[in-house]
Amino acid sequence: MTKELPSILNKRVVIEGVTPEIDSGRYPIKRVVGERVVVEADVFTDGHEALSCELRYRQHGANAWEAVPMQPLVNDRWHAEFTVTQLGSYTYTIQAWLDHFKLWAGYLVRRLEVGQDVSIELLIGAGLVDDTLSRITAHKDVANDAVSLADYAEKLRSDPETAIQAALSDELSALMLRNADKDGGITYDRELDVVVEPVRARFGAWYEFFPRSCWEKDCTHGTFKICEDRLPYIKELGFDVVYLPPIHPIGHTRRKGKNNNVVAQADDVGSPWAIGSELGGHKAINPDLGTLQDFTRFVQKAAKLGMQVALDIAFQCSPDHPYVKEHPEWFKMRPDNTIQYAENPPKKYEDIYPFDFDTTHWREMWAELLSIFEYWVGQGITIFRVDNPHTKALRFWQWLIASIKAQHPEVIFLAEAFTRPKVMYYLAKIGFSQSYNYFPWRNSAWELTEYFTELTKTDVKEFFRPNLWPNTPDILHESLQNGGRPAFMSRFVLASTMGASYGIYGPAYELCVNTPIAPGKEEYLDSEKYEIKHWDVGRADSLKTLITRVNKIRHDNPALQSNDNLRFYTTGNEHLLAYSKATNDLSNILLVVVNLDPEATQSGLIELPIEELGINPFAPYLVQDLLTGTYFEWSGSHNYVELNPHVLPAHVLLIRGTK
């Protein structure tokens with residue numbers, strides 16, 4: 001008895017090498033509303049048969065597929081794209097089939113070129129049209145196509161001149177492609193997903209400040225009412241997102257004192273990350289900051305100014321948190337019947353208890369943690385910075401983010417994940433919209449080039465969106481400690497122009513605070529994490545002017561609002577880093593050159609592929625430094641740049657084009 005073969009074996013078309021596709025389709029790619037999804041694939045068959053293929057896509061929940069014809073590139077590579085227009089998710093795949101009409105038409109052209117008799121071939125073509133017509137006649141939705149095809153079948157059987165003209169018609173080709181018999185073809189064996197988020201998931205400038213600290217001389221403890229008056233200043237700087245550390249009640253037990261001292265004084269305010277007291281937990285507001293109504297008014301005022309408020313969610317508890325008493329089973333017990341505090345030996349964090357994600361009561365705990373996000377979404381918050389997500393169960397985040405986005409696709413999650421590369425990338429694959437990254441520790445030209453090439457020119461770009469922070473309350477890198485004001489300026493320009501999303505911990509950054517707690521340590525001396533600071537943001541040495549200028553440049557130039565258009569150039573000087581960003585149509589091209597040496601003036605020749613940038617190689621062209629307004633006349637592909645770090649360590653050059 002002959003063994004029955006699966007029908008797939010009779011399919012002659014092969015589809016492979018599909019991009020983008022993350023881990024064989026297990027994880028979605030990411031886009032924001034209005035972005036393109038550019039899809040390519042290797043599609044081929046045996047022999048000399050002709051192929052046609054199409055990219056198929058649909059939004060989640062839609063029944064019908066949209067189809068875009070794919071165009072051949074080289075070496076059996078095919079290309080098509082579609083644009084995502086709605087929040088949520090889309091699915092895409094590829095369908096390909098043997099196109100007998102396309103093969104016939106191609107051969108016909110070749111025969112005509114050498115003057116062969118094509119009378120029989122024209123009849124064969126008429127027969128192909130007849131076959132298509134007989135197959136679609138019963139379908140009312142293509143009635144007009146049926147009429148047109150019948151007309152073409154008749155023309156192909158008429159006099160040679162009329163028949164040849166009909167055979168070479170673009171309209172006939174389009175009709176036959178639209179009504180092609182795809183039964184002999186194949187559909188790619190995976191349906192791939194796209195998660196579509198708000199534009200803010202791709203582009204935005206974040207400003208972090210502690211609402212309890214003071215910017216006014218007569219302030220002793222900041223409140224949301226006081227913070228309302230700070231919002232116009234932050235808006236003037238040009239920021240899009242106001243990020244607040246935890247705003248919840250702070251525990252008393254084992255409260256940390258100034259400079260992370262294990263013994264707190266009576267007036268020490270503790271760390272905002274030691275969440276929870278008798279006044280409430282993750283759904284409560286520290287009464288020293290005000291009421292829920294005060295917070296809501298603060299969020300509403302930010303919105304009126306065109307900014308969004310991001311909240312910090314840290315899943316850990318002070319020993320005084322209500323969860324500790326109500327659900328001790330959610331925490332890990334030590335042999336002496338005490339709860340295990342957080343630690344990263346030799347560091348100890350006795351003022352916080354981590355949740356135990358190995359608890360047998362995980363379902364109840366997960367549901368409660370989800371409800372924290374749901375509560376704050378209900379208060380109008382749609383951006384969350386998640387503290388140390390890599391120290392919690394990874395599949396918990398996959399479930400939680402999917403649960404939130406199913407109801408609120410507008411919500412954005414930023415992972416504070418300074419961790420191993422594979423873990424950091426996995427968090428992005430399972431749902432985090434953006435992530436902290438290694439930017440603070442990439443300082444030389446070759447380090448920055450290598451790292452950002454990985455982020456923007458490999459598959460990583462399809463799912464991982466970096467948010468670049470030159471400093472945080474936890475990180476004062478030695479480059480800032482040792483480089484002073486020039487380093488603060490250069491690192492700011494790098495973060496804000498290399499990354500479509502970036503943030504600063506201010507006002508510490510704009511005032512160039514750079515004193516570490518001890519030599520060789522990255523923590524700040526007198527850290528704001530443990531005390532109320534008094535900031536004089538009006539100081540003459542503030543970076544306010546530079547920050548304001550760069551943020552305006554970011555908003556005015558769409559080239560800076562994406563990541564995957566980043567390109568590096570040689571400078572002939574290891575202390576100079578040069579890179580460009582451009583829109584797809586080259587209507588907006590910016591070249592950034594940064595002096596990475598905080599001490600000495602550096603110079604070099606920037607080598608540009610000007611023809612690729614649409615610049616006439618035989619005519620001078622203008623570039624304008626958007627930081628100063630100065631124009632330079634350049635010519636050719638090599639041009640001289642010199643930067644004094646004590647004046648301004650960077651150029652942000654708009655290429656104006658041929659003079």
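1. Basis. In this predicted model, local features need pLDDT of at least 70 and side-chain atom pairs count only at pLDDT 80 or more, while totals for chains, interfaces and linings use all residues. Residues are numbered from 1 along each chain as its sequence is written, and side-chain values use heavy atoms, with hydrogens and water left out.

2. Extent of H2. Helices are DSSP runs (H or I, at least four residues), numbered from the N terminus; the expected span is 1.5 Å times one less than the number of residues.

3. Faces of H2. Glu-121, Leu-122, Gly-125, Ala-126, Leu-128, Val-129, Thr-132, Leu-133 and Ile-136 are the buried residues of H2 (buried: under 20% relative accessible area; exposed: over 50%; 1.4 Å probe, protein chains only). They lie on the same side of H2 because they cover an arc of only 155° around the axis, taken from the directions from the helix axis to the C-beta atoms. The face turned away from this buried side carries the exposed residues Ile-120 and Ser-134.

4. Disulfide. The count comes to one disulfide, defined as a pair of cysteine sulfur atoms within 2.5 Å. Cys-214 and Cys-219 form it, with sulfur atoms 2.2 Å apart; the link is left-handed, at -55° about the S-S bond.

5. Cysteine burial. Cys-214 is buried at 0% relative accessible area, and Cys-219 is buried at 7%. Cys-53 also counts as buried, at 4%, as does Cys-512, at 16%.

Methods: Helix = DSSP H or I, 4+ residues; strand = E, 2+ residues; numbered from the N terminus.
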